[in-house]
Amino acid sequence: MYEIKNSIFLYLTKRQKAMLCTYLKNFTRLNKNLDVDEILNKFLEDEEYYNNIQNPHFYFVVENFENEEFILDVKKFIKSILKGIEYKEKQKPFLEKQKEYLKAQKKIIQENKMKSEKPTEKQLKYYTKLCKKYGIEQKNTQNASKFDLKNWISEILDKSDEILKNRFNIVEKN
């Protein structure tokens with residue numbers, strides 16, 4: 001895309017070129033299901049409409065409607081944007097797998113860090129309150145890590161969720 005931007009719209013100022021390219025990129029993304037000629041025609045129609053109501057997006061586009069070089073440059077740019085969109089679509093599954101892998105790695109690192117840290121006072125108090133609330137015997141927290149307490153708390157909460165679901169299902173059936 002960068003190479004194409006350097007070879008098109010050479011007759012426009014840098015600011016005009018940047019504004020037009022940004023607008024065309026967004027316009028093409030919104031209409032990515034159309035082909036190049038349809039997107040071009042729709043863009044030209046829109047600009048003509050806005051010009052007719054004396055509110056053009058880009059006054060310099062209206063001046064270049066008849067310019068064949070301008071039309072070819074717009075087509076080239078639209079094609080490059082569509083190719084970029086197609087490329088990103090093809091890469092999507094790979095990127096999703098990569099994100100999942102990175103999440104898993106991050107989780108492993110976090111767990112390893114938690115295994116070496118001592119539990120916080122809040123964790124200990126919360127664990128104690130949960131054990132009292134559900135009538136569960138407390139495990140020895142003397143040599144426990146943050147990770148151990150996190151797992152113990154999760155187990156208690158999972159069991160309580162199951163109990164509540166079973167109670168709710170019984171009430172629902174009656």
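**Salt bridges, aromatic pairs and nonpolar cores**

Lys90 is exposed, with a relative accessible area of 59% (exposed denotes over 50% relative accessible area, buried under 20% and partly exposed the range in between, for a 1.4 Å probe and protein chains only). The structure is a predicted model, in which local features require pLDDT of at least 70 and side-chain atom pairs pLDDT 80 or more, whereas totals for chains, interfaces and linings use all residues. Residues are numbered from 1 along each chain as its sequence is written, and side-chain values use heavy atoms, with hydrogens and water left out.

Lys90 is joined to Glu86 by a salt bridge, with 3.4 Å between the closest N and O atoms (a salt bridge requires a side-chain nitrogen of Lys or Arg within 4 Å of a carboxyl oxygen of Asp or Glu). The two residues are four positions apart in helix 5 and are therefore separated by about one helical turn (helices are DSSP runs of H or I with at least four residues, strands are E runs of at least two, and both are numbered from the N terminus). Glu86 is partly exposed at 46%.

Four salt bridges were found in the whole structure. Another of these pairs Glu89 with Lys32, at 4.0 Å between the closest N and O atoms. This bridge links distant parts of the chain, 57 residues apart: Glu89 belongs to helix 5 and Lys32 to the loop between helix 2 and helix 3. Glu89 is partly exposed at 45%, and Lys32 is partly exposed at 47%. Lys146 and Glu117 also form a salt bridge, with an N to O distance of 3.2 Å. Since Lys146 lies in helix 7 (residues 146-173) and Glu117 in the loop between helix 5 and helix 6, this pair ties together parts 29 residues apart in sequence. Relative accessibility is 22% for Lys146 and 27% for Glu117, and both count as partly exposed.

Nine aromatic pairs were counted (ring centres of Phe, Tyr or the six-membered ring of Trp within 6.5 Å; planes under 30 degrees apart are stacked, over 60 edge-to-face and the rest tilted). Phe9 and Phe70 form a tilted pair, at 5.8 Å centre to centre and 50° between the planes. Phe9 is in the loop between helix 1 (2-7) and helix 2 (14-30) and Phe70 in helix 5 (residues 68-116), so the pair connects parts 61 residues apart in sequence. Phe9 is buried at 0%, and Phe70 is likewise buried at 0%. The Tyr49 and Tyr50 rings, with centres 5.3 Å apart and planes at 70°, are therefore edge-to-face. Tyr23, Phe27, Phe43, Phe58, Tyr59 and Phe60 are linked into a cluster by ring pairs.

The largest nonpolar core has 24 residues, of which Phe9, Leu20, Phe43, Val61 and Val74 touch the most other members (a nonpolar core joins buried Ala, Val, Leu, Ile, Met, Phe, Trp, Tyr and Cys residues through side-chain atoms within 4.5 Å). At least two residues of this core come from each of helix 2, helix 3 (36-52), helix 4 (59-63) and helix 5. Helix 5 supplies the largest share, eight residues. Apart from this core lies another, of eight residues, including Leu130, Cys131, Ala144 and Trp152. Cys131 is buried, at 2% relative accessible area.
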